[in-house]
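Please look over the sequence and the 3D structure shown here before reading on.

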Amino acid sequence: MSTPEPAAPPIELRLRDLTPAGVPVEVVARIVTLERREVARRADGVRRPLLSGLLSDGTATVRFSWWDPPREGIERGEIVRAVGAEVREFRGRPELVFSWKTRVGPAGEAELPRIAPESLPLRAVRDLRQPVEGFRLEARVVRTAPRAVSVGEEQRIVHEGLLADHSGTIAFTSWSDFGLKAGEAVRITGAYVRLFRGRPQFVLDERATVVRIEAGGLPEPAQVLRAPPRLLGELDSEASAEAVAVEGTVVHLLPPSGLVYRCPTCRRVVAGGICRVHGEVTGVADLRARFVIDDGTGTVTVATDRAATERLWNVTLEEARRRLRDRPDPSLLEESLAEALVGRRLRARGSVVRDEWGLHLTPESIEAAEVDLDTAAEELARRLPGAPR
Amino acid sequence: MTVREPAWKVTARELEATTEEERGEGERVASYLVSPFGARMNRVLVAGMLTPAEPVGRDEPPTFWRARLTDPTAAVVVTAGTFQPRAAAQLRSATAPRPALVVGKLHLYRGRDGAPQVSVRAEVARSVSEIEERSALAEVGRQSLDRLDLLERLERLPATSDEELRTAGFPAVWIRAARAALQRYPQADRAAFRSGLKSLVRRVAGDLGPPAVRPGVPPSVTVTPVPPAPVAAPPPSQEGRADEAAFLDLVDELSDGSVDGYADLRELLQRIAARGVGAGRAEAALDRLEEGGTIEEPIVGKLRRA
């Protein structure tokens with residue numbers, strides 16, 4: 001038996017300040033996610049209940065494990081005060097363990113650490129590439145629109161849009177209505193960044209605070225939404241980008257393009273009447289095009305929906321189906337689409353993500369790119385020897 | 001990671017000047033051709049007047065076609081075979097020269113005399129309107145000049161870091177290509193190439209009609225580039241003789257002082273330049289000495305007395 005250590009009172013800490021120093025700590029935090037299971041102890045095989053999940057206090061989010069928790073009454077969103085919790089390190093990050101030595105009780109909103117906005121570090125959009133919280137952002141609302149989503153059984157309205165500062169643009173999702181309007185300059189605290197399908201996403205919920213500020217130096221929405229095209233070779237060094245324009249030549253049409261059949265449930269393209277997820281289905285006819293735009297410095301894959309495909313191809317879904325009835329060879333349709341697209345100069349604007357296959361653009365707009373030949377010739381001539389300076 | 005190779009927007013002149021190859025190692029690794037003007041390309045986009053295609057080889061029906069694309073700077077051979085069915089069909093469909101856009105992979109062929117010839121194996125050979133052709137040439141011109149600017153900047157300030165250049169807006173692939181071009185073609189005449197883009201600009205402006213198209217290459221099984229006919233060179237001037245003598249002295253001096261017994265070409269050119277002999281004159285003297293059999297270059301970049 002070891003001699004009992006002198007009982008040092010636990011120190012109350014904010015989650016961002018946790019270090020696995022071996023001293024018990026006291027924290028007040030909100031349960032963000034939780035999961036109950038039973039874990040067999042290695043020593044004697046006794047199964048013990050474990051509650052684990054994520055805690056957040058607005059300065060950081062950490063994992064926690066709670067051995068032998070109360071059977072009920074612990075819910076997501078609840079605020080708890082834990083006295084005498086142990087800090088451990090897991091994969092280089094601190095996490096909290098609540099054991100029989102820890103006293104855990106409910107706490108009120110007011111007990112959460114009060115964070116003065118000016119005490120949080122000011123971040124630029126460019127630096128919000130990885131999951132992060134506990135920062136301050138000053139940005140312009142470039143655009144915003146409500147969208148209905150279903151969370152489980154419940155229908156909720158989220159507000160989605162874009163935020164921009166001088167360093168870049170990021171997509172946001174707001175689960176509370178802060179009354180954001182395009183063009184407003186705002187200071188946001190209490191929000192966090194997560195990665196969603198390879199794109200960083202700025203998330204505001206009821207814990208976030210939004211303050212309107214003077215726009216000083218923030219870009220106008222029009223500047224962001226009408227920015228000139230960027231070189232793909234330059235975009236390639238970023239993992240993702242929002243509302244960017246690219247311009248180049250269509251060099252390749254990727255199959256399947258043209259007339260496709262989609263699963264009525266998940267909208268995936270079905271091959272041979274089989275959906276990858278839902279098995280044998282009766283596909284619903286649709287038009288799409290997937291093609292490669294090349295600007296000489298890099299390439300990007302673009303997928304267009306029915307409306308954009310109809311416009312670029314100048315063939316409607318009905319027309320495509322009629323043609324297929326007249327000449328039942330689907331490759332003729334694809335060839336006709338290739339004829340309409342490959343070699344054309346297009347400008348596409350949208351969000352870009354990069355994966356191991358390269359860059360992919362989800363277009364918000366796509367149109368023929370025209371070159372003003374007189375201006376182009378003048379600009380080129382100015383760069384040649386003998387040009388008037 | 002298999003990311004698609006971009007189609008470098010280049011002039012036929014740039015392809016004509018390209019002689020350096022960078023072979024990928026391992027399986028399924030792309031090879032590149034490095035141009036003197038800052039391109040490191042696996043695939044290209046060229047625009048100009050495309051001749052009707054002619055079948056190559058004796059296969060019946062033919063399986064390979066060849067045409068010629070002429071832009072305002074030069075011409076390049078464009079081919080397509082049965083593995084590029086769409087491009088082959090596009091090549092064969094024309095009966096008269098027409099403005100076209102060609103995207104394809106590069107091939108470097110060395111004849112028996114070692115003379116390199118670059119051709120484009122087309123993946124796309126699309127007939128376009130004259131406006132589209134001129135628009136494509138405008139882009140070709142702009143990117144060619146951007147790449148030249150980058151080369152000049154690197155020549156002036158070789159210590160510039162990639163980071164600085166990227167911040168200045170140059171894509172990483174261009175920076176890599178520029179460094180390769182400077183290393184492989186230290187003597188390239190980039191100023192002449194820049195001037196040569198004047199005809200392209202006139203074409204973009206519409207002041208110049210479509211380039212005159214030479215007849216296509218006649219059908220044959222192998223591509224045999226004709227070595228340049230030996231031109232009876234005028235006897236060198238007194239100045240030329242002096243250059244040659246200076247050259248020979250330096251070759252002796254350098255090869256005596258070197259471990260392998262050869263004179264290093266680059267060092268030689270630097271030393272001769274230090275004596276006030278310009279690059280053009282030095283090259284001419286070197287050519288005469290090599291043609292006359294006085295010195296030889298058994299290893300690339302290494303000279304000795306024959």
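## A buried aspartate in chain B

A residue counts as buried when its relative accessible area is under 20%, as exposed when that value is over 50%, and as partly exposed in between. The model discussed here is a predicted one, and the values that follow were computed from it. With a relative accessibility of 6%, B:Asp243 falls under the 20% limit and therefore counts as buried.

Where in chain B does B:Asp243 have its place? This residue belongs to helix 8, which covers residues 238-257 of chain B. If residues up to four places away in sequence are left aside, B:Asp243 touches B:Ile272, B:Val277, B:Arg281 and B:Ala285.

In soluble globular proteins, nonpolar side chains tend to be buried together. The largest nonpolar core of this model has 103 residues, and those with the most contacts inside it are A:Phe291, A:Leu341, B:Leu15, B:Leu50, B:Val102 and B:Val204. Helix 3 of chain B, residues 130-156, provides nine residues of this core, which is the largest share.

Not counting residues up to four places away in sequence, B:Val204 touches A:Leu373, A:Ala376, A:Ala377 and A:Leu380 in chain A, together with B:Arg134, B:Leu137 and B:Ala138 in chain B.

## Where the two chains meet

At the interface, 33 residues of chain A are in contact with 40 residues of chain B. The area buried between chain A and chain B is about 3,100 Å², and carbon and sulfur atoms give 60% of this area. Of the area that chain A buries against chain B, A:Leu373, A:Leu380 and A:Arg383 supply 21%, more than any other three residues.

The elements that give two or more residues to the side of chain A that touches chain B are helix 2 (232-235), strand 17 (240-262), strand 20 (284-294), helix 5 (330-341) and helix 6 (373-382) of chain A. The largest share of that side, six residues, comes from helix 6 of chain A. In one salt bridge, B:Arg86 pairs with A:Glu335, and the closest N and O atoms are 2.9 Å apart.

## Salt bridges through the model

Side chains of opposite charge can pair when their charged atoms come close. Over all chains, the count comes to 47 salt bridges. One of them joins the side chains of A:Arg48 and A:Asp68, with 3.1 Å from N to O. Because A:Arg48 lies in strand 3 (residues 47-56) of chain A and A:Asp68 in the loop between strand 4 (61-67) and strand 5 (79-90), the pair ties together parts that are 20 residues apart in sequence. A:Asp68 counts as partly exposed, at 43% relative accessibility.

A salt bridge also forms between A:Arg199 and A:Glu242, whose closest N and O atoms are 2.9 Å apart. This pair links distant parts of the chain, with A:Arg199 in strand 15 (residues 199-204) of chain A and A:Glu242 in strand 17 of chain A, 43 residues apart. A:Arg199 is partly exposed, with a relative accessible area of 28%, whereas A:Glu242 is buried, with 7%.

In chain B, B:Glu133 forms a salt bridge with B:Arg203, and their closest N and O atoms are 2.6 Å apart. Here B:Glu133 in helix 3 and B:Arg203 in helix 7 (residues 198-205) of chain B are 70 residues apart, so that the pair links distant parts of the chain. B:Glu133 is buried at 0% relative accessibility, and B:Arg203 is buried with a relative accessible area of 1%. Elsewhere, salt bridges that share partners join A:Glu247, A:Arg345, A:Arg347, B:Lys9, B:Glu139 and B:Arg142 into one network.

## Cysteines without a disulfide

How many disulfides are counted over all chains? The count comes to zero. The sulfur of A:Cys263 is 3.7 Å from the closest cysteine sulfur, that of A:Cys266, which is too far for a bond because a disulfide needs the sulfur atoms within 2.5 Å. Likewise, the sulfur of A:Cys266 is 3.6 Å from its closest cysteine sulfur, in A:Cys275, and this is also too far for a bond. A:Cys263 is buried at 1% relative accessibility, while A:Cys266 is partly exposed at 24%.

Notes:
Residues numbered from 1 in each chain as written. Chains lettered and ligands numbered in written order. Predicted model: local features only at pLDDT ≥ 70, side-chain atom pairs only at ≥ 80, totals over all residues. Heavy atoms only, no water. Core = buried A, V, L, I, M, F, W, Y, C linked by side-chain atoms within 4.5 Å. Buried < 20%, exposed > 50% of the residue type's maximum accessible area, 1.4 Å probe, protein only. Helix = DSSP H or I, 4+ residues; strand = E, 2+ residues; numbered from the N terminus. Contact = heavy atoms within 4.5 Å. Buried area = accessible area lost by both parts, 1.4 Å probe. Salt bridge = Lys/Arg side-chain N within 4 Å of Asp/Glu carboxyl O.
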